[in-house]
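Hi there,

Here is the structure I promised to pass on to you.

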Amino acid sequence: MQVSYHGHSIVKLKTRGKVILFDPFITGNHLTDLIVEDEKPDVILLTHGHNDHVGDTVAIAKSCEALIVAPFELANYLESQGLNVHGMNPGGSHEFDFGTVKLTKAFHSSSYTTRGNEVVYTGQPAGILFMAEGKTIYHAGDTGLFGDMELIGKRHPIDVAFLPIGDNFTMGPTDAAFAVELLRPAVSIPIHFNTFPVIKQDPALFKTLVKGHQVKVLDVGEILDC
Ligand code: NI
Ligand code: MN
C-alpha cells in the first residue's frame, strides 16, 4: 500500500488498484499540491462535515463518480447533492472491495456550511480505520485526546496513524504525543497544522516529544510505502 500526505488532513492511499482520498480540502488550502480537476479517486473517505474536510468532495465525486464513505448524516446530505454514498457510524465497520472501513470515535463537532451560509447537521465526527493488504491505517480526523485511543490501538494494531497536531480545534503536539502512547502505532504522521495562523505548529516539536515510537513528518506530496 502507498500512503501520501497532501496538506491539512488530506491523505491519499493506493491499494488493490484503487485510489482512496481522505478529507479532500483543496480549494482554500495553500499547503496542498493537489488540483481539483486532476483528482479522480475511486473512493473519498470523510471524517466529519466541517468545510476544511468535506472540501472539494462534491466537485471531485461528480467528475469521477467516486463513492463517498462518511458519517451517516453527512452521507445523507451528500446524497441529496447527487453523490453516491455509503453512510456509517462510530464502531461500525464494513468490508468494501477496496478494503475494510471502520469508524471510530472522535472528540470534536460536526456541521457543514453551504454556499448559502446554511448550517447543515452532519452527525457524529469520526476517526477512520482503513484495513487492506494486512495493514491498518488510522486517520484520526479532527479530535482532542481521549482515553479510548488505547482501546482503538489494542483492538486494531495500527501500522500508520495520521494525527492532528494543530491545537486550538484538535490535539496540539503535546497531547498528540500522548495519543501516540495510547495508540502505539508503528509510525505516526502529523497532520492538520500550518494551514491557518491559529493552527501554526512545528511538526519537529511533535517528533521530539514522542519517545520510543517512530514519527515521520511527511512533506506535502511525499509517499510512504507500507
Ligand atoms: Ni473539524
Ligand atoms: Mn479541521
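Let's start with helix 5, which spans residues 173-183. Its buried residues are Pro173, Ala176, Ala177, Ala179, Val180, Leu182 and Leu183. Please keep in mind that this is a predicted model.

What covers the buried residues of helix 5? Among the elements that do so are two helices, helix 4 (149-155) and helix 6 (203-209). Strand 12 (135-139), strand 13 (160-164) and strand 14 (187-191) are also part of the cover.

Seven strands form an open sheet in the order 6-5-4-3-2-1-16, and their pairing is mixed. At the edges lie strand 6 (84-88) and strand 16 (223-225), each of which pairs on one side only. On average, neighbouring strands in this sheet are turned by 20° against each other, ignoring direction.

As a reminder, strands of a sheet pair through backbone hydrogen bonds, either parallel or antiparallel. Strand 1 (residues 2-5) and strand 2 (residues 11-15) run antiparallel and are joined by four bridges. Within this pair, Ser4 stands opposite Lys12 of strand 2.

Two helices to look for next:

- Helix 2 (residues 57-64) packs on the sheet, where it touches strand 3 (18-22), strand 4 (43-45) and strand 5 (67-71). The direction of helix 2 makes about 160° with that of strand 4.
- Helix 3 (residues 72-80) packs on the sheet too, touching strand 5 and strand 6. The direction of helix 3 makes about 140° with that of strand 5.

Enjoy exploring!

Best wishes

Notes
Residues are numbered from 1 along each chain as its sequence is written. Chains are lettered from A and ligands numbered from 1 in the order in which they are written. This is a predicted model: local features need pLDDT of at least 70, side-chain atom pairs count only at pLDDT 80 or more; totals for chains, interfaces and linings use all residues. Side-chain values use heavy atoms; hydrogens and water are left out. Buried means under 20% relative accessible area, exposed over 50%, partly exposed in between (1.4 Å probe, protein chains only). Contact means heavy atoms within 4.5 Å. Two strands pair if DSSP finds at least two bridges between them. Axes are lines fitted to C-alpha atoms, for helices over the stretch in contact, and angles run from 0 to 180 degrees between N-to-C directions.
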